[in-house]
Amino acid sequence: MITLYHRPKTRSTRFIFLLEELGAPYEIKIVTTRSRDGTGAVDPANPHPHGKVPAISDDGVVVFESPAIALYLTDKFPKNGIGPLVGDPKRGPYLSWLAYYTGVLEPAVVSKFMNVDVPVGTAGWVAVEQAMPFIMKTLSQGPYILGEKFSAADVLYATTFAMFAASPMLPKTPVLEAYVRRCTERTAYIRAQEKDNG
Ligand SMILES: N[C@@H](CCC(=O)N[C@@H](CS)C(=O)NCC(=O)O)C(=O)O
């Protein structure tokens, strides 16, 4: 049984979405975390090393960091084909896009959000103005990040774009809007919103 350590309306909500897509048996354990306004506190019940969400525990095996959780879950529950497995030609792109999410896109978006310049050429990631054209080119070639088929990579990317939909840092294009709509109209996404509060 998977336990999802979760705080409503945070990065952990997307893992309710993924678990619903996978049809996996899971329980939600609501934990407290620190908030940007200085309120909240790390919850001793949360196994994440820095008291953040998401984290999961699979009968005592703890997994943290969104791409690792996505990969762990799609490998463990392959029935619905949400994550290409070893041997599938899409496995390489799948791993790349999962790693790109926290290795490049998140730092790019957060740098922009916090008004911090990315030291171009030396940082381990690029500015959001470089990341987004690459993502937009990919999305203009197929309805999903990996092409024809929805995957757990879309769970990470589409929920991020949905969250920042109103932000000027994201391009307002029909391709991006249609992508977000396509993913957030999924019944698993809708069920996740209903279960967000535990
Ligand atoms: N790199 C982590 C980021 C997790 C993260 O920053 N989560 C936020 C919620 S959206 C959090 O728990 N913040 C509370 C804190 O930093 O103490 C991942 O993608 O899994």
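**Notebook: salt bridges, pockets and a strand pair**

I began with Arg-191, which counts as partly exposed at 31% relative accessibility. The model I am reading is a predicted one.

**Entry 1. The partner of Arg-191**

I looked up which side chain Arg-191 meets in a salt bridge. The partner is Glu-20, at 2.5 Å from N to O. The pair links distant parts of the chain, with Arg-191 in helix H7 and Glu-20 in helix H1, 171 residues apart. Glu-20 is buried, with a relative accessible area of 11%. The cut-off for buried is under 20%, so Glu-20 falls in that class. Arg-191 lies between the 20% and 50% limits, so I keep it as partly exposed.

I also noted a wider link here. Lys-195 joins Glu-20 and Arg-191 in a network of salt bridges.

**Entry 2. Other salt bridges**

I looked up how many salt bridges the structure holds. The count is eight.

Lys-9 and Asp-196 form one, and their closest N and O atoms are 3.8 Å apart. Lys-9 sits in the loop between strand S1 (2-6) and helix H1 (13-22), and Asp-196 in the segment after helix H7 (187-195), so this pair ties together parts 187 residues apart in sequence. Asp-196 is buried, at 2%.

Next I took Arg-91. Arg-91 bridges to Asp-75, with the closest N and O atoms 2.9 Å apart. Arg-91 belongs to helix H3 (residues 91-113) and Asp-75 to helix H2 (residues 66-76), so the pair ties together parts 16 residues apart in sequence. Arg-91 counts as buried at 13% relative accessibility. Asp-75 counts as partly exposed at 33%.

A reminder to myself: side chains of opposite charge can pair when their charged atoms come close.

**Entry 3. The largest pocket**

I turned to the pockets. The largest has a volume of about 1100 Å³. Its lining has 27 residues, and the closest to the pocket centre are Arg-11, Lys-52, Val-53, Glu-106 and Val-110. Which element gives the largest share of this lining? H3 does, with six residues. H3 and helix H5 (152-163) each supply at least two residues of the lining. By class, I noted nine nonpolar, nine polar and nine charged residues in the lining of the largest pocket.

**Entry 4. The second largest pocket**

The second largest pocket has a volume of about 230 Å³. I found 13 residues in its lining, and those closest to the centre are Thr-10, Thr-13, Thr-159, Tyr-189 and Gln-193. H1, H5 and H7 each supply at least two residues of this lining. The classes here are five nonpolar, four polar and four charged.

H1 and H7 also came up in Entry 1, as the helices of Glu-20 and Arg-191.

**Entry 5. Strands S1 and S2**

Last, I looked up how S1 and strand S2 (residues 26-30) pair. They pair in the parallel sense, over five bridges. Tyr-5 stands opposite Lys-29 in S2. I asked what unit S1, H1 and S2 make. They make a right-handed β-α-β unit.

Conventions
Residues numbered from 1 in each chain as written. Predicted model: local features only at pLDDT ≥ 70, side-chain atom pairs only at ≥ 80, totals over all residues. Heavy atoms only, no water. Salt bridge = Lys/Arg side-chain N within 4 Å of Asp/Glu carboxyl O. Helix = DSSP H or I, 4+ residues; strand = E, 2+ residues; numbered from the N terminus. Buried < 20%, exposed > 50% of the residue type's maximum accessible area, 1.4 Å probe, protein only. 1 Å grid on protein atoms, 1.4 Å probe; cavity = no way out; pocket = protein on both sides within 12 Å on 5 of 7 lines; lining within 4 Å. Points joined across faces, edges and corners; volume = space filled by probe spheres on them. Nonpolar A, V, L, I, M, F, W, Y, C, P; charged D, E, K, R; others polar. Pairing = 2+ DSSP bridges. Right-handed = clockwise from strand over helix to strand, strands pointing away.
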